[in-house]
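These are my notebook entries on one chain. I set down what I looked up, in the order in which I looked.

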Amino acid sequence: MLLQQSPHEAYRRVDFDARVTGANPAELVHVCYEHLIGALGTAIHAHQNGDNGLKSRSMTRALTAITALQMGVSQEGGMGEALNQFYAAARRTILDSAVAFDAKQIATMRTDFAEISQAMKAG
């Protein structure tokens with residue numbers, strides 16, 4: 001059975017696949033951050049509009065991005081433990097939102113990741 005997707009979702013997937021193919025590790029981290037930030041924003045918007053299906057898909061996408069970030073943490077260089085704790089806390093927040101969605105907490109997390117992403121791009 002063919003999975004039905006919206007044209008927007010199909011284009012998003014093609015864009016994602018194209019960006020990941022051949023990307024170096026730093027570029028992959030940026031892609032994960034972008035997708036995480038976008039997914040959290042979409043989840044907030046969907047929550048405000050009462051679209052539980054979109055909210056659920058967006059939070060699943062955010063969880064996937066966090067998982068990819070966690071898997072890519074290097075234990076060398078001293079930052080690995082701190083990143084693992086940070087990503088684990090974000091993962092818990094996302095999973096907790098399945099039971100009780102807290103738009104304010106999700107927005108704060110989204111802002112935190114956006115600020116980190118901007119700092120990585122500048123550095």
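**Entry 1: L69 and its contacts.** I looked up which residues L69 touches, where contact means heavy atoms within 4.5 Å. Not counting residues up to four places away in sequence, I found V29, C32, Y33, L36 and Y87. I then checked one of these pairs: L69 and L36 stand 33 residues apart in sequence, and their C-alpha atoms are 9.8 Å apart in space. L69 belongs to helix α3. I record L69 as buried because its relative accessibility is 6%; buried means under 20% relative accessible area, exposed over 50%, and partly exposed in between, with a 1.4 Å probe and protein chains only.

**Entry 2: basis of the values.** I note that this is a predicted model, in which local features need pLDDT of at least 70 and side-chain atom pairs count only at pLDDT 80 or more, while totals for chains, interfaces and linings use all residues. Residues are numbered from 1 along each chain as its sequence is written, and side-chain values use heavy atoms, with hydrogens and water left out.

**Entry 3: the whole chain.** I counted five helices and zero strands; helices (H or I, at least four residues) and strands (E, at least two) are DSSP runs, numbered from the N terminus. Of the 123 residues, 26% count as buried. Among contacts with a separation of 6 or more, 58% come from residues 24 or more positions apart.

**Entry 4: helix α3.** The 20 residues of α3 reach 28 Å from first C-alpha to last, close to the 28 Å expected. Its buried residues are K55, S58, M59, A62, A65, I66 and L69. They line one face of the helix, since they fall within an arc of 115° seen down the axis of α3; the arc is that of the directions from the helix axis to the C-beta atoms. These buried residues pack against α2, α4 and α5.

**Entry 5: helix α5.** Which residues of α5 are buried? I listed I106, M109, F113 and S117. They cover an arc of only 75° around the axis, which puts them on the same side of α5. Their cover includes α2 (25-48), α3 (52-71) and α4. The face turned away from the buried side carries the exposed residues K104, E115, Q118, A119 and A122. At the start of α5, I found a side-chain oxygen of D102 within 3.2 Å of the backbone nitrogen of K104.

Entry 6: I located S97 in the loop between α4 (80-96) and α5 (103-122). S97 counts as buried, because its relative accessibility is 8%. Leaving out residues up to four places away in sequence, S97 touches M59 and I106.

**Entry 7: salt bridges.** I searched for salt bridges, each a side-chain nitrogen of Lys or Arg within 4 Å of a carboxyl oxygen of Asp or Glu. The count comes to one. In this salt bridge the side chains of E34 and K121 meet at 4.0 Å, N to O. E34 lies in helix α2 and K121 in helix α5, so the pair ties together parts that are 87 residues apart in sequence.

How values were computed:
Polar contact = N/O pair within 3.5 Å; in protein donor to acceptor, adjacent residues only side chain to side chain. Expected span 1.5 Å × (residues − 1).
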